[in-house]
Every structure is written in structure tokens, then in C-alpha cells.
Amino acid sequence: MKTIIEPFRIKSVEIIKMTTEQQRKQYLKDAHYNLFSLKSDDVLIDLLTDSGTSAMSTQQWAAIQLGDESYAGSPSYYRFEEALRELAPFKHIIPTHQGRAAEKILFTLIGGAGKIIPNNTHFDTTRANIEATLTKAVDLVKLDGLNPEVIAPFKGDIDLVRLEELLETKADAIPMVMLTITNNSGGGQPVSMANIRATKALCEKYGKPLFLDACRFAENAYFIKMREEGYADKTPKQIVQEIFSLVDGMTMSAKKDALVNMGGWIAMNDDELAMKARNLLILTEGFPTYGGLSGRDLDAMAVGLREVVAEDYLHYRITSTAYLGNALSQIGIPIVKPVGGHAVYIDAKALLPHIPALQYPGQALAIEMYRLGGIRACEIGTVMFGRQTDGTEQPASMDLVRMAIPRRVYTQSHIDYCIECLEQVYNNRHQLKGLKITQEPPMLRHFTAQFEPL
Ligand code: F0G
């Protein structure tokens, strides 16, 4: 059979409120053309993020009933720890309420003025948490990873030459090296096992720990299975185990590949760092066996961690994302190639060359997708990254619009609707106009900035 079906049935449904183009025009105006300011009820297909938007399974909902809400030493924590250790046998596993809480703790402990933390590409919250400690966040993804047109299997790989140069010249300033799997800001592109292994070897040479920002570790593992020599016969679980055996720690947003709506953790082997992390955790998140989560959330993560490495699930997941990407590509819409794991990234700069970067072609495209089809996507470009720490503005290296696919939520007909809508956007592309920002905060401006169409 060539049709790959969703490997689940639907038992409980969420009603979508239908809206008209006329209504959506008004909603856009009311939201000052910032899609984060829309009411989600006014969105037909919400592809803003794959984070915290997964549909949980019956097994997860059942596990929630087992949640034990003890302040300290809850069995829910131990079930979570055991499930995670099966994949990532770190000595210390510390739950947090989401990924950025783990980041905040880690960088508060290891960051500081004058320091530098390299990564393939730091995600926005990671970068912001690093910069908040006056540490410099450096992106060293291989140059292929910045070119949407290049087709290569592992465009998330870090550039080992530039990494070694940095380690050689600035070793004292570098407290750790990071790799983001998959590379979200660079198109959801995977990192190869060979690159993880080589990065670890470099880190060892210079005495630095290697941490993963591992939000989409299972999707990354499936790409390794499909694309990297020597892994075709391994299970996703074995590949995940191998990935984690190579590194010294991880930060995680469980809202992605742990298939839950809220959660995260930080894990590591270093005893002293873990002790300090637990102390900080107690200040802001909670006791180390719940870290800002309910016991039931920990149980849902424990089950999610087992479900996410299932081969049938990952096969459907990666293939259905590719289905959307390939269809857009056939229409002529430029996308980041090859299609990433959790999202399709439209190259708005190439699609709308008549809109200058500082008039935000990505934002213009995302606005049009909502107006025409009620689809909410997310600009990852000059709106998100263009504001510099000194308050000036620079075009981002890419102007992308991300259609992130929530896990196990939308069916093929929802995706076919998106494809039809984008075909219309494509046909009208010459009519689209840019925007200007009328109000913005000093950091993470994309969440709350206000716009006016030009
Ligand atoms: N790292 C990466 C690579 C991420 O994609 C995210 C979140 C985080 C860290 C932070 O995790 O949201 O739990 O605090 N990405 C979401 C997204 C928000 O839409 O891509 P969080």
C-alpha cells in the first residue's frame, strides 16, 4: 500500500469554529497583525507551533489518573525517571515546567559576562536565556544549513571547523557546547550521529561538556535511521539511546517529543552542576521530584516517551510532514529542503522578493495565510531575530514561515485544505505588501510587537 494512514483512531474530538474571510480581516486588525494576539478559537488550522499541542493517547489519559501529587518522592516522578532513563541514562534527571525553565537554570549556572556558548543554531528562547546572562550565543550551523535550496541529509550539523577555531581561540570563555536536535530555527533539519560524535570528540579535546537541546530527539533519530549509513536496521529507540550515550547532558521541552502539553527537564551527569541546578529549581520551579509539574504530568510524559519512539508513529510523522512540503514544492512555493521533521518552512524571501527584509516578507505571508484560509503559521525571520541587542535592526539570515504540525492532531484532509489555500496565496503573491512595526518590546519582540500593513 502506498497510502500511509494516521496510526491512530479518533475517540474524542475538538470542534473547530468556522470563520469567514470577512471576520478574519477584522480579527487581524484587532490583533494588530500579530498572529500571537489572535484568539485561538478564531483559527481554523493552528500551525503556530508543534509545542504543547500534541494529542495525548488513551494510555496517557489513563496514566494521568495514576498521578500522585505528593510534594516529595512521588511515584509519578519515579515512573517518569525510569521511562527517561530507558532512553537517556543520565545520572541526574530534574523535571521543569517547560524547556525554557531548564534553559534558565542551566545558563544561570554556567553563563556570565564574557562567556560564549556555541550551538548549531540556538532557538529563540535559548538565545534569549543565554543573552540574559550576558553570555554570547553563537550559531555555527554548517553553511548548507543556511541555504534553503541545498538538498543534504543533515543540514542541522554544526560546522566542526568553525567550532574548533572557536574552541582553539576562546576556550577559556566557553563553558559548554550545545547541539539542537532537530535544528528548529534552521528548518527542523536533523543532526547526524557522525556530527554528534565528532562534536563530542572536539569537546573532549578541549575539556568542555556537550549538551543537547533535545526537544525533537525522536524525529532526529528517525532521520538518522532513514539517511545515515549503518542505522537502517536499528530501531528508533536504539538510535535515541546511542545519541544520549554520546553527550553530557540535555535540556528538554517535553511539549514536543514527549507528546505532552506541558513539561520539560534538565539532565546531566555532573554531580556538582546537578546539585546547583536542584537548588535553583527549588527557588523557582519546585521540589526536585516535581519541578513545576503536577504528578499527573510526569505520568503522561512517562507514557509519551515510550510512544514517541514507536516506529509506526515516527514513520507517519515524518512522512506526513513531507507530504505537505512536497505538495507546496510542486505548486512552486519555495520551501526549506529537504522537508524537516516537525514543520514545513516556506522561504518567504524567495516567494516575495518584492518585499524588503525590513518590511517582513514572512509576516506578510503568514498574515495572508490567515486572512485567506484561517491558517495560523509562524514567522521565523526578521521579526523574530532582526532586533539587535543594541536596539538596531538587521535582516535575519533567512525569512521563513513555519507551518508546524501538531503531533497526532490534524488529518490528511486538514493538510489538503492548507495546500489548497497556499496555492491561492501563491497565485496572488505579487499583490502582497509588507508591514511596519508600530510598537515593540526590547526582547523576544515577535510575541507582542504590533504591526500596520504598508
Ligand atoms: N529549544 C527548542 C529547539 C525549541 O524549539 C523550544 C521551543 C525550546 C527550546 C523551548 O521550549 O517552549 O518548552 O520553553 N519551541 C517552541 C516552538 C516554542 O514553537 O518551536 P519551551
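Residues are numbered from 1 along each chain as its sequence is written, and side-chain values use heavy atoms, leaving out hydrogens and water. Because the model is predicted, local features need pLDDT of at least 70 and side-chain atom pairs count only at pLDDT 80 or more, while totals for chains, interfaces and linings use all residues.

**View A. The shell around the ligand.** Here you can see the 18 residues around the ligand, of which Thr-49, Arg-100, Ser-253, Lys-256 and Arg-402 come nearest (near: a residue with a heavy atom within 4 Å of the molecule or strand). The shell holds two nonpolar, nine polar and seven charged residues (nonpolar: Ala, Val, Leu, Ile, Met, Phe, Trp, Tyr, Cys and Pro; charged: Asp, Glu, Lys and Arg; polar: the others, Gly among them). Helix H4 (99-110) and helix H5 (124-131) each supply at least two shell residues, and H4 gives the most, with three (helices are DSSP runs of H or I with at least four residues, strands are runs of E with at least two, and both are numbered from the N terminus).

View B. A polar side-chain atom of Asp-213 lies 2.7 Å from a nitrogen atom of the ligand, and one of Lys-256 lies 3.0 Å from a nitrogen atom of the ligand. Taken alone the ligand exposes 470 Å², and the protein buries 94% of that (accessible areas come from the Shrake-Rupley method with a 1.4 Å probe; for residues, only the protein chains shown count as cover).

View C. Two packed helices are described by the angle between their axes and the distance between the axes. The axes of H2 (residues 58-65) and H11 (residues 295-308) come within 8 Å and cross at roughly 150° (axes are lines fitted to C-alpha atoms, for helices over the stretch in contact, and angles run from 0 to 180 degrees between N-to-C directions). H2 and H11 are therefore roughly antiparallel (angles over 145 degrees; under 35 is roughly parallel, 65 to 115 roughly perpendicular, and the rest oblique). Their crossing is right-handed (the near helix is turned clockwise from the far one by less than a right angle; anticlockwise is left-handed). H3 (residues 75-87) packs on H11 at about 25°, with axes 8 Å apart, which makes H3 roughly parallel to H11. H3 passes H11 in a left-handed crossing.

**View D. Helices H7 and H9.** H7 and H9 (residues 236-245) pack at an angle of about 15°, their axes 10 Å apart. That makes H7 roughly parallel to H9, and the crossing of the pair is left-handed.

**View E. Backbone spots worth a look.** Most residues other than glycine have a negative phi, and most peptide bonds are trans. A cis peptide bond joins Ile-181 and Thr-182, with omega about -20°; Thr-182 sits in the loop between strand E5 (177-180) and helix H7 (193-205). Another cis peptide bond joins Lys-337 and Pro-338, with omega about -10°, and Pro-338 is in the loop between helix H12 (311-331) and strand E9 (343-347). Tyr-33, although not a glycine, has a positive phi of about 60°.

Note on methods: Polar contact = N/O pair within 3.5 Å; in protein donor to acceptor, adjacent residues only side chain to side chain.
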